[in-house]
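User: Please take a close look at one helix in this model. Then place its chain among the others.

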Amino acid sequence: MSALPETLPASTPAARPLLLGGVGPLVILLVGLAVSPVLLSAYATVTLMPVIAYGIAVLGMNILFGYTGMLSFGHAMFLAIGAYCAAVATQHGILSFEWILLVASGVGASIALIVGALCVRFTHIFFGVLTLAIGMLLHSFLFKFYDLTGGDQGMRVLRPTLLGQTWDMSATQFLSGPFYYYCLVVYVVFVLVTYRMIKSPVGLHLQAIRDNENKARYLGVHVYRLRLGAFVLSGMLGSIGGAMLGVSTGLADPELAYWTQSGNLIFMLVLGGAGTFSGPGVGALIFVLLQDIAASETQYWRFLLGATLTVLVLALPDGLLGTLSKYRGPGKNPGAQP
Amino acid sequence: MQYLNLILAGLFQAAVLFLVACGLQLIFGVQKIVNLACGSFYALGAFFAITVVSIVQQWQLPALLLIPVLVLAGLAIGLVGAPLELMLRPVYRRDPSYQLLLTFGLVLMFQDVFRFFWGAAPRSMDTALYGAYGTLEAQAVSIPIYNLLVILASIAIALILGLTLKRSRVGRIVRATAENRDMTEALGVNASRVFTLVFTVGCILGTVGGALIVPTSAASLTMAAELVVDAFAVVVIGGLGSMAGAVAGAVIVGLMRTVAVTFASEVEILSIYLVVVAVLLFRPKGLFGKEAV
Amino acid sequence: MNMILSAQNVSKAYGSYQALRDVSLNIGDTEFVSIVGPNGAGKTTLVNVLTGLSRPTSGSVHFSGRSIAGIGPVRLAAMGMARSFQLVNVFPSLSVWESIAVAVSSRQGKARNPFATLFKSRQIDDEVQRVAATFGLSQKLTTTTGELSQGEKKLLDIASAFALRPRAILMDEPTSGVASADKYDIMELLVKAARLQGVGTIIQVEHDMTLVARYSHRIVALQEGRVIGDMTPDAFFKDPLMLEAVIGPAHSKQAQSAGETLLC
């Protein structure tokens, strides 16, 4: 048996360079998004708005699924919550986007707290089915209560003010200009915050829960509390993304809460690689592009999307980035060492 | 006495729901796969049945052959499940999340398959055929005979399935494979074939259900996604993996739907989800379920 | 020596099946206790009760003076007791460093702040390095657990439990699945690790009687849910009735002589 070494070997993970599984690709994506308005037409830029909105939402879902191992099939409900918060707020005179984001976060986090408290006791299939049911509960509520929610027609979201300023310009200019950059900055902030969290002991504990919740318990990890925390955070981020979507489409649509929309979000997660930090963000980009391109090429884009998902699950379960980062070197696992 | 009509209408819905839920339960019970595409098979059965009936109509067959034709159509197209099961094989031993994703991929693909073959508008069948069975009227109870026959057919299928699983050799092999796949393989059973069989039967149940519903409602692109929610409600309330649960759950959901639609349509589907959520929280096993994961 | 873990008149029934009958036990804070007995004697149930996983049907169980009946693994760890299982329990996608760090950060209370440092924390790193060195895993710190050999995984499993610096550790057949030649090495490692990590009490469920003879201060023998013997190895191996009950008549003679050889 080896004796205690005199000097500590420099093998600590901190010394490792950033991998494909790390924050690198996301940084590239963010830079790309930042320069897009300059390189692309205003119209094309507007089509990139959902990449930012979905990007924030899947940032949260990645913490829930990629890092904590909980697959929610009802997460689109938070997109809907965010969008409807934006609609209700703007229609009642609250036009400041700062306030809208705060309200969306608050409502999203609160609902996530209640839903999570009930759901995170369960795992895997049951968690998926339960969240699907609750998501559909919200959908049916939004769909049916016409007087409150506008029913199947949804609720209009008016243009908010950014930093107190009203921007007197066309919708396309607004959405590809000030609003685009505003949301991008918010995205960057959340990327930094969540990245920091993932690299902390809390992030490590989440991954321990994902890998072996029983063992984690015996090592003193507060499984229930951390799961709930991850759920609340992801709910909050989902709502923020939803509010952005609501503003960019001008509409809060009950279909945002339909279970197939949750499926789309999961698709983005898996596409890029749920175990990596950057994967889902990249997945959101690819999904939006795929949908746009496929939709303009053929009316059968859903088939393309479905086939892609199927191929992914069968051939590349770790997603694009996950698989690529695995081939970079031995002993480097996607999830744990961004 | 109109309540009786309501109940019978509910039972009709339940009968069809039962078939699909039964398929779901069978597949989950044996292969531990949650088939999100169950609704897609339902829709497939519906669309295919409409096509078959419109072809067969040209042969001037007696209208009373409608039900057998529908069932055969459902049976035929349900066989599509067999090759699809091959695709599912890699994910059996993986994290359950992956099978949810895979079957979701199927849902997306099926959507466009329907669009391609049958177009985007809802399709319905010639209602005259449905009416050919006539209506049973007795003491202020009035029910279309077609509905009655479907309810009876459903009960028959339930009994046949139940008996097959409990008494027959095939049934025992299926149940053994469900309990412990590796063990049964060690005993010489070709588990892969059992899985293919079970999956195909599960799909056929779905397609037959869809075929049987088209005389009463149109086949549309949205019916697949909508049915998934109903089927899940049935399975959750009745209990995952249980046939008796499929019956109980189907009856409850079928009745709730009919009653709610009649009395308080705003609350209709909301009430079903509330019940689902309540069951998941307070009795996660459902009424007859075996496990709360 | 102070008493640290005690069970008083513990009985546990599962429906109509009586797993434990009126078991009383007191374990001190510097003892090495082996729990032995034939299969079905109730060893696992007893361990479950002693680690707060199972609530006794009647009777009480205390650790450091506080009741631990049914408190569950998380609170158990917080109170200073660790447990390891017969089947290897690891985090497949985490590296060795990270696996140990889970326990270390837990013990250091670092998981309360989502923004605390992990990888650059000297405090965590020092501790992880120490534990890894004790268990001979220093060269494997950056290796993913999934890629370790079965033996290394076992070591990691135990190492992470020890990283909690528990005052007591309960191990379910710590050398099961290990080749006979290596069993002694593992036991020596465990004893040394305990000393270095400040773990005073070691309780193990073990079938290998030579190991039991060599390392235990005390042997607790169970049969059909009852304690039939609670004595030093010396006394145990001299008692033919004990040996017969625990090992069975055919082997008890061998064990007796083996025990005698070891103890002399």
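Analyst: A residue is called buried here if 20 or more other C-beta atoms lie within 10 Å of its own. The model is predicted.

The part in view is helix 5 of chain C, residues 150–162. Start with its length. The helix has 13 residues, and at 1.5 Å a residue they should span 18 Å. The end C-alpha atoms are 19 Å apart, which agrees.

Next, burial. Eleven of the 13 residues are buried, so helix 5 of chain C is largely enclosed by the rest of the structure.

Now the chain around the helix. Chain C holds ten helices and ten strands. Its radius of gyration is 19 Å, close to the 18 Å that the globule rule gives for 264 residues, so chain C is as compact as a globular protein of that length. The C-alpha trace of chain C spans about 60 × 40 × 35 Å along its principal axes. Buried residues make up 51% of the chain's 264 residues. Among contacts in chain C with a separation of 6 or more, 66% join residues 24 or more positions apart.

Then the neighbours. Two pairs of chains are in contact, and chains A and C share the most contacts. Chain B and chain C do not touch; their nearest C-alpha atoms are 14 Å apart.

Chain B has 13 helices and two strands. With 293 residues, a compact globule would have a radius of gyration near 19 Å; chain B has 19 Å, which agrees. Its C-alpha trace spans about 55 × 45 × 40 Å along the principal axes. Of the 293 residues of chain B, 49% count as buried. Residues 24 or more positions apart account for 79% of the chain B contacts with a separation of 6 or more.

Chain B does touch chain A. That contact takes 36 residues from chain B and 35 residues from chain A. On the chain B side, helix 5 (96–118), helix 11 (223–238) and helix 13 (268–282) each give two or more residues. Helix 5 of chain B supplies the largest share, 17 residues. The chain B side divides into 30 nonpolar, three polar and three charged residues.

Conventions
Residues are numbered from 1 along each chain as its sequence is written. Chains are lettered from A and ligands numbered from 1 in the order in which they are written. This is a predicted model: local features need pLDDT of at least 70, side-chain atom pairs count only at pLDDT 80 or more; totals for chains, interfaces and linings use all residues. Helices (H or I, at least four residues) and strands (E, at least two) are DSSP runs, numbered from the N terminus. The expected span of a helix is 1.5 Å times one less than its number of residues. A residue is buried if 20 or more other C-beta atoms lie within 10 Å of its own, exposed if 12 or fewer, and partly exposed in between; C-beta atoms are placed from the backbone. The radius of gyration is taken over C-alpha atoms; the globule rule is 2.2 Å times the number of residues to the power 0.38. Two residues are in contact if their C-beta atoms, placed from the backbone, lie within 7 Å. Ala, Val, Leu, Ile, Met, Phe, Trp, Tyr, Cys and Pro count as nonpolar, Asp, Glu, Lys and Arg as charged, and the others, Gly among them, as polar.
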